[in-house]
Structures are given as structure tokens and as C-alpha cells.
Amino acid sequence: MSNHEATTGLTDIIPQHIAIIMDGNGRWAQQQGKSRVVGHKAGVESVRSCVTTARKLGVKALTLFAFSSENWQRPEKEVSVLMDLFMFVLTREVKRLHKNDIKFQVIGDLSRFSEKLQKKIAQSQQLTEHNTGMVLSVAANYGGRWDIVNAAKKLSQQVIANELTVDDINENSLHQHTCLATLPELDLLVRTGGDYRISNFLLWQAAYAELYFTDTLWPDFDEQQFKKSISIFSQRERRFGLTGEQVKPN
Ligand code: IPE
Ligand code: IPE
Ligand code: MG
């Protein structure tokens, strides 16, 4: 972790890798007597603000949960609005990401998306692939179990091809095949919307992440709220199995 002074207003430790479960769009809209999709549209502004703030603070990787493998089971109309919104936002924002030296990537099983969306994603990834300021990963049709199963499959293929023996399978080699393997370890996992669960997000990657849950609904999660989550992270003592004395700075 880098010590980035006076950015969040304090001398907070800035996490290198933050992931967010962006939850609560539907309830935000329903509370105002509006349809759920109004909440999804409003949530786009929070995405923008988090990306900008993370980049400004020197966060190296930001990973956002946009659509889970379970979200396909929602009403067809809501799914289709979400897909249209993804396409629309990507088209509108990718140049801005590029200008800010942000590398964009989508993690998840893309095969279920329309050809048009898959193409847009590929183009956006290509345009930004050499950027080094920050990596923005959007998880779409992503599931943590899918990620681990996928890694297991790749290892099996390597064993069959005699590139690996069964004894070469360990935490490190499996990790290499999971999504986000090239990024810094996940430091902070935020969930908005008031629920205390992971909902099949980064199961493997969250092993030692600090968890932060807030009741704030995603469209209300602004720069100040984001900085607050970083401040709280900064006050946590990460022990990684050691004793408090072992990890205390001298
Ligand atoms: C999160 O908000 C966005 C997606 C899952 C796509 P929700 O749509 O889950 O909002 P709530 O939880 O119903 O309020
Ligand atoms: C998690 O939110 C997925 C995303 C934020 C994309 P959900 O609203 O789908 O999670 P559950 O159903 O409450 O667990
Ligand atoms: Mg939800």
C-alpha cells in the first residue's frame, strides 16, 4: 500500500485495489415512487464519481460489480435496460477513460452478451490496453464460483497437455488463472445497499480483503462516501494471521 498524503483529507493509506458491489439502485428508485430502471440510470453517476476519485487518489485497480451471473433471472425488461445502459455508457465514457490513462476491462463470461456489446467491449479494451494510470475492471455476467471453476478447467487442460503435473496445482498456479490475477491483491471490498453478503462476487480474491458495508444506496454513494470507506479501511489493522504485535509498525 502506498502512503498518499492529504488526499482524502487525512493521511490515509490508499488501498491499491478496491472492489465495489454496487447495490441498491432498485430500492433508491422505488423509494421515490419511480421504476427500478431509474435507479440504474442514476447509479451511472456514482460509477463516474468513484472512477474519478479512485484515479485521483492513486488507487491502482478499481473493480465494479455491474451484473452478476444470477441477475439474468430478473424480469426480462430490466435485464434488457441494463444491457442497453451498459452499451450506452461504454460508448459515451470510453474516450474519457482513455484520456485519463485508465485501462478498461470486463471480467465475466461475455459469451452471453449480444454481438454488438461484445464488439464494443473488445474495442474499448483494445483502445485502453496500454494505459497504466489505473485498471478499471467491470464484472459483468461474473460469478466468483464461475471464476474458480474456470481456473480449475484451465489447470486441467494444462495437465492433459502435459504442461503441468497434478503436484504443480497449488494456490499460486490456480490464482494465475483467476480473473484479476495480474492486479494487486484486493485490499478493500465495499458493498452499498445495506446487505451483508458477497453475492458470489470475488470469492477467491477476497480472502484477505477488508470488508466495508454501508446502508447508503448506490446512487447516493458519492465522493465523500467513497473517501469515508477509504478512511475506515485505513484505520483497520490487517494481521493476515499474525498477532497484533507482529504487524505493529515500530
Ligand atoms: C444493483 O442494484 C445493480 C444490479 C444488480 C444490476 P439492484 O438492482 O440490485 O438494487 P436493489 O438491491 O434491488 O435495490
Ligand atoms: C449483487 O447485487 C450484484 C451486483 C451489484 C451487480 P444483487 O442485488 O444481485 O445481490 P443479491 O441478490 O441481493 O444478493
Ligand atoms: Mg440488489
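The model is predicted, with local features needing pLDDT of at least 70 and side-chain atom pairs counting only at pLDDT 80 or more, while totals for chains, interfaces and linings use all residues. Residues are numbered from 1 along each chain as its sequence is written, chains are lettered from A and ligands numbered from 1 in the order in which they are written, and side-chain values use heavy atoms, leaving out hydrogens and water.

Student: What is the angle between the planes of Phe65 and Phe201?
Tutor: Rings of Phe, Tyr and Trp (its six-membered ring) pair if their centres lie within 6.5 Å; planes under 30 degrees apart are stacked, over 60 edge-to-face, and the rest tilted. Phe65 and Phe201 are 4.2 Å apart centre to centre and count as stacked. Phe65 lies in strand S4 and Phe201 in the loop between S7 and S8, 136 residues apart. The angle between their planes is 5°.

Student: Is Tyr196 buried or exposed, and why?
Tutor: Tyr196 pairs edge-to-face with Phe213, at 5.4 Å centre to centre and 70° between the planes. Buried means under 20% relative accessible area, exposed over 50%, and partly exposed in between (1.4 Å probe, protein chains only). Phe213, at 30%, is therefore partly exposed. Because its relative accessibility is 62%, Tyr196 counts as exposed.

Student: Which residue has a side-chain N or O atom 2.6 Å from an oxygen atom of ligand 2?
Tutor: The residues around ligand 2, those with a heavy atom within 4 Å, include Asp23, Phe65, Asn71 and Ser199. A polar contact is a pair of N or O atoms within 3.5 Å; within protein, one must be able to donate a hydrogen and the other to accept it, and residues adjacent in sequence count only if both atoms are side-chain atoms. For Asp23 the distance to a ligand oxygen is 3.1 Å, and for Asn71 2.9 Å. The residue at 2.6 Å is Ser199.

Definitions and conventions
Helices (H or I, at least four residues) and strands (E, at least two) are DSSP runs, numbered from the N terminus.
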